Structures are given as structure tokens and as C-alpha cells.
Amino acid sequence: MTTIAPLSYEQAIERYEPVIGLETHVELGTRTKMFCACPTDFGAEPNTQVCPVCLGLPGSLPVANRAAIEATIRIGLALNCTIASWSRFARKNYFYPDMPKDFQTSQYDEPLCVDGWLDVEVEGELVRVEIERVHLEEDTGKTLHLGGATGRIHGATESLVDYNRAGIPLVEIVTRPVPGTGSRAPLVARAYVTELRDVIRTLGVSDVRMEQGSLRCDVNVSLNRPGQEWGTRTETKNVNSLRSVERAVRSEIMRQAAVLDSGDRIVQETRHFSEDTGDTRPGRSKETATDYRYFPEPDLVPLAPDAAWVAELKAALPESPRLHRRRLQEAWGLSDHDMQSVLNAGAVELIEATIAAGASPDAARKWWMGELARRANETGTELSSLTSPEQVAALQRLVDEGKLTDKLARTVLEGVVAGEGTPAEVMAARGLEVVSDTGALTAAIDEAIAANPAVADKVRGGQVAAAGVLIGAVMKATKGQADAKTVRELILGRLGS
Amino acid sequence: MAAISREEVAHLAHLARLAVTEEELDTFAGQLDVILQAVARVGEVAAADIPPTSHSVPLTNVLREDVVRPGLTREEALSGAPDAEDGRFRVPRILEEES
């Protein structure tokens with residue numbers, strides 16, 4: 001075996017051009033399964049959402065879910081696809097206990113939607129990702145492996161299977177190969193999955209949560225020398241977050257470049273991304289070439305969406321996330337750069353909701369992009385998990401009402417994030433309300449003047465700037481809970497300048 | 001020429017996880033060959049104006065509304081299983097499918 005010298009990402013990109021492709025699975029949020037009326041609730045007790053159809057019991061017959069068909073057509077339309085006027089389901093035959101039927105009902109050569117595209121923004125430029133197909137299939141059951149290390153199949157002696165998930169509608173979205181992205185390939189992959197997630201979420205057909213598995217992504221990568229034919233591709237599975245999409249593409253580019261550079265060839269295979277190490281490992285070997293013996297599903301009649309049905313679904317599509325963002329950017333008066341920061345922070349919806357809850361666009365953005373974004377970065381948590389738009393709006397209301405200064409509001413926010421209650425509750429509990437009681441302020445001012453007679457004389461003599469020392473003393477005496485501007489006005493009034 | 005080879009029958013038997021003996025391979029290859037040749041005769045009469053048919057009834061868009069209906073209880077679901085544990089179907093270990 002040849003030794004493979006590692007290459008840096010820059011070296012890899014200098015010598016090779018990447019071609020990427022993405023296969024994304026989206027679990028639809030229908031109330032019932034694809035071919036039977038079982039519920040689809042996440043986290044139910046094992047095997048409590050099953051029936052003869054999804055258990056593959058003899059004599060049971062599937063019937064397709066109208067909501068799932070419509071959701072798939074809507075996804076296709078939102079991705080600028082052509083909706084097939086004739087489409088059939090097919091049996092994908094394989095032996096694995098995650099499907100009790102010993103086949104998965106899928107679509108093969110007649111998918112519901114074909115030939116679309118999705119424009120994604122990468123570093124301020126639009127990249128068009130072409131969509132090859134969008135088809136509908138059913139999800140598989142969940143297997144739990146016994147005897148091996150922590151649920152892994154390796155070394156397992158037995159497996160336990162839960163079929164609650166078996167039969168939940170699953171939409172597969174396959175891109176055409178995307179060449180020409182160069183060093184931006186990892187960013188393009190991430191931007192595509194992000195945009196796709198936003199499009200589907202806007203349609204309201206799935207909750208598209210990668211951490212819960214309702215959005216899953218396989219990443220294909222190949223490399224070629226400039227001007228030469230595309231190379232052999234690998235498919236990386238187990239990519240479970242947007243960040244992982246980017247990391248998986250990047251690490252696979254580096255790995256393949258090092259292999260090619262050493263004179264070896266790339267083996268077409270399925271690899272698994274490791275969240276811990278950030279690299280990919282070989283998985284199932286493709287040597288036992290998968291032979292699924294697809295054939296048209298005889299128990300389901302063909303789909304033939306007529307033009308009127310498709311037109312009706314198209315007319316009801318919501319505004320695309322990209323247009324929506326552009327409209328928000330204008331309404332909020334943001335530069336491209338500022339809008340990009342908001343997008344990168346994943347704060348668009350949070351800011352939108354905060355404005356809806358009563359805050360001004362500026363204030364809403366300031367909180368989410370300032371204090372909260374900093375905290376999310378520091379603790380490595382999701383922005384949305386820190387607090388809610390309603391709380392942020394309530395906090396800003398206290399500032400607008402003069403009960404909190406910006407500085408005090410930041411302290412209150414800390415308490416809110418720490419789970420101490422609503423902004424008003426934290427303010428009361430920690431005694432952070434602005435000292436607006438003029439009596440208390442006047443006493444503090446008198447004390448400050450008495451303690452600094454020379455400074456007071458200067459201010460009386462017209463040197464207004466000298467008042468800073470007195471303001472400082474008052475702020476100190478009130479533990480920063482007074483509004484500095486009010487204090488200044490009161491001092492100047494008192495000293496007659 | 002035979003419509004199906006002995007090797008193809010062996011491959012299909014493997015895909016279908018059927019344990020077929022060497023003798024049975026000869027028998028089945030011969031039988032399947034007769035069946036395939038008989039089916040192939042359909043192709044001789046199929047003209048350009050006869051589209052391939054996968055479904056014998058001329059129906060499309062048979063759909064169900066997205067309304068939950070009760071299925072089986074867990075006990076019913078597991079009642080036919082050879083083995084179960086913790087409310088799950090218990091199956092033998094799966095070989096060489098994943099790392």
C-alpha cells in the first residue's frame with residue numbers, strides 16, 4: 001500500500017476541481033403515513049403506530065396519502081420542476097429488517113417531479129443548483145443493535161426493530177452534479193441544503209429538523225484535474241447538520257486529493273461522516289453491487305396529476321425565502337453586508353418575530369445580533385434556544401419606557417437567558433430598575449457636589465465638561481441604575497449652568 | 001439460446017435469500033426458461049400502438065385523505081413475531097451490511 005501524504009485544502013483545490021452532488025431526504029409532516037392511516041407522531045412508544053399495511057402483513061393493501069402527494073408536488077413546484085403527468089411507484093427489493101415487507105415502496109424511472117433548479121447565494125453571488133428529480137417514497141423502521149458497542153451494528157448479536165417510522169412519507173431530492181464551484185464547493189453544499197430547508201419550511205410540509213432526522217443529507221464528491229473528465233465519486237452519509245455538510249465536503253476533497261496525488265485511484269463507495277473527527281470513513285462496500293430489482297408496484301395505481309390540480313397547487317405557493325429575505329432587507333433598511341450577517345447568524349425569523357411582538361427593527365436586530373449572538377457563539381448554542389422573540393420585545397419595551405438603561409437591560413437579559421423569568425420579573429428580582437425617583441437622585445447629587453466642591457465651582461463657572469466627575473459619582477452611588485442623561489441634566493440645573 | 005442462464009438463476013436466488021442446491025439450479029433454470037420463452041411470445045404480437053401495461057385496471061389517482069385511523073395495538077403487532085423484546089421485534093444479527 002502506498003503511503004498517502006496529506007494535502008492542505010488550498011493545495012487540494014489548486015490541483016483538483018471538485019464536482020459535488022446532494023441527495024436530500026425530507027420526512028413529510030403529514031398526520032398519517034404514506035400508504036396507511038397510522039399516525040406519525042415523533043417519539044411514540046415503539047410499535048404503537050403500526051397496522052397490517054406498514055407491517056407488511058399478508059393481504060394488506062396500500063393506498064397513497066393525498067396530502068403527501070400534494071406536498072411533493074408543491075416541493076417540486078417550489079424547486080422549479082416539471083410535474084410529471086404520469087408517475088408510478090416501484091418496489092425496491094432488499095433484505096434488511098428495517099422494512100418488514102422486504103421492499104421499500106419508492107419511485108424509480110417515473111418520479112413525480114423532474115428538471116428543476118434552486119438558486120443559492122454564496123459570498124454574495126448566485127449559484128444555480130440544478131435539480132434532477134424529486135420523488136416520493138416511504139421511510140424505514142428504526143433498528144437498535146444489541147451486543148455491539150453503543151448501538152453500532154459491528155459486533156452486534158441481535159437487533160431490535162421499531163416500525164413506527166416505517167411508512168412515513170419521505171421525499172428524496174436529488175441534484176445534478178454541480179461542477180465549477182472550486183474552493184467554494186463546501187460553502188455551496190451548505191448553502192444549498194440551508195436554502196432547501198428554508199424553502200421546504202416555508203411550504204409548511206415538514207419541520208425539516210436535521211437533529212431529529214426529518215432532514216437528512218448524503219453528499220457526493222468527485223475530483224478531477226483541470227480540463228479532464230470528472231473523477232470517480234464517493235457518497236458520504238450520516239451528515240446530520242448544516243455545519244457537517246460543509247465539513248464533509250471539505251474533508252472529502254482533501255482526502256481524495258491526497259489519494260489521487262499519491263497515484264492511487266478513488267474507489268466508488270459509501271462513506272460515513274464522523275461528527276467527532278470531522279472526516280469520512282469507508283462504509284458499505286459497493287462491490288456487492290446493489291441489485292434492487294425495481295418493478296412497478298402492482299398494488300398502487302399510477303399517479304396522473306392533471307394540469308388543473310397542479311395549477312391550483314402552484315397558485316397557492318408562498319413567496320420564496322429568497323424574495324422574502326429581500327423584502328425584509330428593504331423593510332429593515334439593512335446593507336447587503338448587514339443582512340448577510342443576520343442570515344449567517346440564523347436570526348432572520350427571530351428578528352421578524354421580535355418585530356411582530358412590538359420591537360423596532362433596529363432594536364430587534366441589536367439584541368439578537370449583539371448580546372445574544374455573542375453569547376450563542378461563546379457557549380456554542382443555537383441562538384433560538386437562548387430566549388424567545390417575545391422576551392426580547394418585552395425587554396426592549398422596558399428600555400423604551402425608561403425603566404431600564406441599555407446597560408441595565410443587558411444585565412436583565414443575562415438573567416432571562418439564565419432562566420430567571422421574564423424581563424420584568426428579572427428586573428424586579430434583581431432590583432435593576434432605573435432610579436427615576438427624583439428624591440433619591442437629588443440626594444445622591446447633593447452628596448456628589450458636597451464631596452467635590454472644586455469641581456462644582458468649575459461647573460458653576462461654565463466648564464460644563466467638568467460635570468463628568470459628578471455624574472460618575474452619582475452613577476456610582478446609584479450602582480449604575482440611574483439614567484446618565486437625566487443625572488447630567490439634574491446636576492447642570494442644580495449648579496445653574 | 002436459453003432465456004435465462006443457470007448463473008442468473010443462482011444470482012436471483014441469492015438476492016431473494018433462497019437456499020437453492022446445485023441440482024435445483026438445473027431444474028429451475030430449465031423451468032424458468034420455458035416460462036420466459038412463453039412470456040416472450042407476447043412481445044411478438046405487441047405492436048407500436050399497444051403501450052406496455054403494468055396495471056390491469058384503468059385507474060389513476062386513487063388517494064386517501066390524511067386522516068388517522070386506529071391500527072394495531074403493540075401486543076397485536078408483536079403477536080405474530082417469533083421473538084420480541086422491550087416492545088420491539090427481535091431479529092437475528094444482520095451480517096456485513098454496514099461497518
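α2(A) and α3(A) cross in a right-handed way (right-handed if the near helix is turned clockwise from the far one by less than a right angle, left-handed if anticlockwise). Helix α2 covers residues 66-78 of chain A, and it packs against α3(A) at an angle of about 130 degrees with the axes 10 Å apart. Axes here are lines fitted to C-alpha atoms, for helices over the stretch in contact, and angles run from 0 to 180 degrees between N-to-C directions. α2(A) and α3(A) are therefore oblique to each other; angles under 35 degrees count as roughly parallel, over 145 as roughly antiparallel, 65 to 115 as roughly perpendicular and the rest as oblique.

How do α3(A) and α4(A) cross, left-handed or right-handed? The crossing of α3(A) and α4(A) is right-handed. Their axes come within 8 Å and cross at roughly 155 degrees, so α3(A) and α4(A) are roughly antiparallel to each other. Helices (H or I, at least four residues) and strands (E, at least two) are DSSP runs, numbered from the N terminus.

## Basis of the model

This is a predicted model, where local features need pLDDT of at least 70 and side-chain atom pairs count only at pLDDT 80 or more, while totals for chains, interfaces and linings use all residues. Residues are numbered from 1 along each chain as its sequence is written, chains are lettered from A and ligands numbered from 1 in the order in which they are written, and side-chain values use heavy atoms, leaving out hydrogens and water.

## Domains and the second largest pocket

Chain A is divided into domain 1 (9-311), domain 2 (328-430) and domain 3 (438-494), with bounds from an automatic or database domain assignment. The second largest pocket lies between domain 1 and domain 2 of chain A, because both give residues to its lining.

A pocket is an open set of points on a 1 Å grid over the protein atoms alone, with protein on both sides within 12 Å along at least five of seven lines; a cavity is a set where a 1.4 Å probe fits but cannot get out, and lining residues have an atom within 4 Å of a point. The second largest pocket has 47 lining residues, with Thr194(A), Arg197(A), Leu242(A), Leu343(A) and Gly346(A) nearest its centre. α3(A) gives the largest share of this lining, 9 residues.

## The largest cavity

Which residues line the largest cavity? They are Lys33(A), Phe35(A), Cys36(A), Val53(A), Cys54(A), Lys101(A), Glu138(A) and Gly167(A).
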